[in-house]
2 protein chains.
Amino acid sequence: MAKHGKVSMAVVRRLPKYHRYLGELMENDIKRISSYELSKLTGFTASQIRQDFNNFGGFGQQGYGYNVEELYNQLGNILGLDKGYNTIIIGAGNLGQAIANYRNFDNRGFRLIGIFEKNPRYMGLKIRDIPIMDIDELEGFSKDHKVDIAVITTPKEAAQEIADRVIALGVEAIWNFAPVDIKVPEGIVVENVHLSESLLALSFLIKESKRESENV
Amino acid sequence: MAKHGKVSMAVVRRLPKYHRYLGELMENDIKRISSYELSKLTGFTASQIRQDFNNFGGFGQQGYGYNVEELYNQLGNILGLDKGYNTIIIGAGNLGQAIANYRNFDNRGFRLIGIFEKNPRYMGLKIRDIPIMDIDELEGFSKDHKVDIAVITTPKEAAQEIADRVIALGVEAIWNFAPVDIKVPEGIVVENVHLSESLLALSFLIKESKRESENV
């Protein structure tokens, strides 16, 4: 793969979309797609798509377009799906359980190896054969298991403390569902899923939609 | 409130962040904040913040900064939090249950009034006093209840069909968690939460982070 400089967050957000669309094409047994068709499918211009891919090498051929399976696999490699990541979840409430049961988790190389919780009523319960452990056992667990990614699905009050603890264990990335910014040292990756912000964006868009229909 | 033209999606994404940060300031009993401090807190320039707010009227005062509670409430109104929305969830698996139990739901005016599911094993169970109903009862339910928002937490194969059905009932907005694009008529608001894409972005960022540390 071609060496590349740092890519912008805009590109980081588009790459998984391309991967998803290509996955759908594969499910529908589509073997080949032109720049134009990919543009119509994704909503991005053919030029934007080409630019994004050019960060990583030349894909596709003039006059042919793209081979779907090849591009899907290449994007998968670019996105790091060829790696495996040992993953733990902290917070075994509904959201943590939803993530633990999330179908795409394992088949993308995110190996769920532990689930931690502080509420005793969840202890010993299993999700997909993984027992829910007491959060106090976190450090002991990490002596025997290398943990790459921590998913934080705790209430917001606990998130920073949990982040500090998992970073101390050596995790390289945090998938954060708590509605708060967590502070991490340089080099630790944090991806936030701010459901509250998504819901508020929805609320705003409803309001705008009503304004627009009133103004017609 | 000042009339405003259509705002960009970039603004739509920033407004809920401001609201969240101001909420945190209020929790910490902070009464007042300067442009500079708000800029440091949010990561956006004071100029960007000012521009965003200017879409909706003049907030804050030269030399004083912003009154936190006032700005929080004004943003709340802009975001439509003064309205109430009758909300249903379709898909009562872990993710649907997580959303149903989501603490911020009700106190933002999103009144959960129904949960629908097709798997019989969930029927009759209750989440927060709301019984899980058979999806076949959806149309009958809507004769007695006005539904404003539908949350789709079904597998992706079901999402479009469910979207079509709720639109036929008159919902104005869909909060879509299924990992697929749903097609809706003009004027219907869709807010997607693509967890799979978030996870892939995380994977990519880990890979990039490793590349960068190797290149140092």
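Modeller: A strand here is a DSSP run of E with at least two residues, numbered from the N terminus. Keep in mind that the model is predicted.

Biologist: Where does A:Ile33 sit?

Modeller: A:Ile33 belongs to strand E1 of chain A, residues 32–33.

Biologist: Why is A:Ile33 called buried?

Modeller: Buried means under 20% relative accessible area. A:Ile33 has 4% relative accessibility, so A:Ile33 counts as buried.

Biologist: What makes up the surroundings of A:Ile33, leaving aside its neighbours within four places in sequence?

Modeller: A:Ile33 is in contact with A:Leu25, A:Leu38, A:Leu41, A:Tyr64, A:Gly65, A:Tyr66 and A:Val68. A:Gly114 is another matter: 81 residues away in sequence, and 41 Å away in space, C-alpha to C-alpha.

Biologist: Now B:Arg14. Why does B:Arg14 count as buried?

Modeller: The cut-off is again under 20%. B:Arg14 comes out at 14% relative accessibility, and therefore counts as buried. B:Arg14 lies in helix H1 of chain B. Beyond residues up to four places away in sequence, B:Arg14 touches B:Phe44, B:Gln48 and B:Asp52.

Biologist: Which residues of helix H4 of chain B are buried?

Modeller: In H4, residues 68–78, they are B:Val68, B:Leu71, B:Leu75, B:Gly76 and B:Ile78.

Biologist: How do you know on which side of H4(B) they lie?

Modeller: They cover an arc of only 160° around the axis, so they are on the same side of H4(B). In general, an α-helix has 3.6 residues a turn, so residues three or four places apart point the same way.

Biologist: What covers the buried residues of H4(B)?

Modeller: Chain A contributes helix H8 (195–215). From chain B, the cover includes helices H1, H2 and H3 and strands E1 and E2.

Biologist: Which residues touch the most other members of the largest nonpolar core?

Modeller: A:Trp175 and B:Trp175, in a core of 102 residues. The contacts of A:Trp175 include A:Ile99, A:Phe105 and A:Val193, and from chain B also B:Leu195, B:Ser198, B:Leu199 and B:Leu202.

Biologist: How many residues of chain A count as buried?

Modeller: Of its 216 residues, 52%. Chain A has 8 helices and 9 strands.

Biologist: How many positive and negative side chains does chain A have?

Modeller: There are 26 positive and 28 negative ones, and the centres of the two sets lie 4 Å apart.

How values were computed: Residues numbered from 1 in each chain as written. Chains lettered and ligands numbered in written order. Predicted model: local features only at pLDDT ≥ 70, side-chain atom pairs only at ≥ 80, totals over all residues. Heavy atoms only, no water. Core = buried A, V, L, I, M, F, W, Y, C linked by side-chain atoms within 4.5 Å. Buried < 20%, exposed > 50% of the residue type's maximum accessible area, 1.4 Å probe, protein only. Contact = heavy atoms within 4.5 Å. Helix = DSSP H or I, 4+ residues; strand = E, 2+ residues; numbered from the N terminus. Lys, Arg positive; Asp, Glu negative; His and termini not counted. Charge placed at Lys NZ, Arg CZ, Asp CG, Glu CD. Arc of directions from axis to C-beta.
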